[in-house]
Amino acid sequence: MRVWIIVLALALGPAVSNGFARFGYGLILPAMQSDLGWSYTAAGWINTANAVGYLAGALLALGYSALLGPVRLFQYGMVVTTAALVLSGFTDDFSSLIALRVLAGIGGAPVFIAGGAMAATLFASDSSKNALAIALYFGGGGAGILMTALLLPPMLETWGAASWPYTWQALGALSLVSLLPAWWGARRIGDSPRGRGERFVFPPWRRLTPSLAGYFLFAAGYIVYMTFVVAWMRESGSGAAMVVATWGLLGLAVMVSPFVWRRVLAAYANGVPLGLASAATGLAVILPFAIPGRGGLLLSAAVFGLSFFVAPTAATSFAKKNMPRAQWSAAVALYTTAFALGQTLGPIGAGWIADAGGGLSASLWAGALVLLAGGMVSCFQRPVSLPAGSPGSN
């Protein structure tokens, strides 16, 4: 039971780094755009800035993993991300907001990478429990999404678009509350024999090309939905209650997704889980167009939430099954780098499409097609043979 408590404490990491720092912006964007007079391209640049910071954070994690170890990377990343969220509520200057979004990304990537690597060390001899621990860790992002759904739209509906700074401050306060238990969970991993002496060994990246390319395409596609779907809903006439219902259902679905995908993640040692997750996410983006109205939106949110957080879970699980333990942290960092590159391009590309006359509907369709392509590419990833007797070869 204590191990599962540690997993849940670690899961507060993606709740902050992803649920608050990355995806919370999707709910705040319409208010900021209205109050500050931004174009869609400018709004996209704000999330691209976060992705650039995420890429920088992934590269820093890649370079400093051996020096700092996953525990300190996770803890320091939590502090940086929390500080960036708090400070985002105290400026309306575009350049300052860009800088703070970069800072949030720099802190968020080590949290995601190191926490995933630590979760992967648990239940090493039980593939089913190990897959569940990894999935529950990443499912923490769903809890963060759910909290933002319950908190941010009502605030903005009550106080108006000009109240967006308070939403960032609220996310910063929630992050401060999450910091202590997450810090404790990382320390418990670090204090165990399995958490010491981690070595950084670079994985055989050429043999990972299909899954890296698929993960890149997944990132470029999914972030379009998470950045602009609420703005598209608002343009289509959806009120705050519908936004709460859609975003909240998405978060709940993320939390349930580990149980839905558990057997698939445990059964395959190739790129099929990542490919299926990417394809399902792409189909979810199409659903509001195929089924107009509230039913289509809610179904889209449910399928999207059940699928999109499975992709990072699948990438981490693939690394754990196919590489020696000494390569796990580096492999997760490598996948996160490919992911960060993809989500750097998605928001500005989608914003450009919308501003060029296609509108947000065209942007969402483009994201869906990229996701489906990522699903196809990922399925070409074959297992990577481990040296006989290597840890993680079970």
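Gly-24, Leu-27, Ile-28 and Ala-31 of helix H3 meet Thr-148, Ala-149, Leu-152, Pro-153 and Leu-156 of helix H6, where contact means heavy atoms within 4.5 Å. By class, this contact has 7 nonpolar, 2 polar and no charged residues; Ala, Val, Leu, Ile, Met, Phe, Trp, Tyr, Cys and Pro count as nonpolar, Asp, Glu, Lys and Arg as charged, and the others, Gly among them, as polar. The structure is a predicted model, in which local features need pLDDT of at least 70 and side-chain atom pairs count only at pLDDT 80 or more, while totals for chains, interfaces and linings use all residues. Residues are numbered from 1 along each chain as its sequence is written, and side-chain values use heavy atoms, with hydrogens and water left out.

Helices are DSSP runs (H or I, at least four residues) numbered from the N terminus. The axes of H3 (residues 24-36) and H6 (residues 127-159) come within 10 Å and cross at roughly 10°; axes are lines fitted to C-alpha atoms, for helices over the stretch in contact, with angles from 0 to 180 degrees between N-to-C directions. H3 and H6 are therefore roughly parallel to each other (angles under 35 degrees; 65 to 115 count as roughly perpendicular, over 145 as roughly antiparallel and the rest as oblique).

For H2 (residues 12-20) and H4 (residues 40-88), the axes also come within 10 Å, and the crossing angle is roughly 65°. H2 is thus roughly perpendicular to H4. The crossing is left-handed, that is, the near helix is turned anticlockwise from the far one by less than a right angle. Leu-12, Gly-13, Val-16, Ser-17, Asn-18 and Phe-20 of H2 make the contact with Tyr-54, Phe-74, Met-78, Thr-81, Thr-82 and Leu-85 of H4. These residues divide into 7 nonpolar, 5 polar and no charged. Because 8 of the 9 residues of H2 are buried, H2 is largely enclosed by the rest of the structure (buried: under 20% relative accessible area, 1.4 Å probe, protein chains only). The buried residues of H2 include Gly-13, Ser-17 and Phe-20.

The largest nonpolar core has 118 residues, and Phe-74, Tyr-222, Met-226 and Phe-308 have the most contacts inside it; such a core is a set of buried Ala, Val, Leu, Ile, Met, Phe, Trp, Tyr and Cys residues joined through side-chain atoms within 4.5 Å. Neighbours within four places in sequence aside, Met-226 is in contact with Phe-23, Gly-26, Ile-145, Trp-247, Leu-250, Phe-304 and Phe-308. Thr-281, in helix H10 (residues 272-290), counts as buried at 0% relative accessibility. Not counting residues up to four places away in sequence, Thr-281 touches Phe-218, Tyr-222, Phe-304, Ser-307, Phe-308 and Leu-371.

Terms used: Helices (H or I, at least four residues) and strands (E, at least two) are DSSP runs, numbered from the N terminus. Buried means under 20% relative accessible area, exposed over 50%, partly exposed in between (1.4 Å probe, protein chains only).
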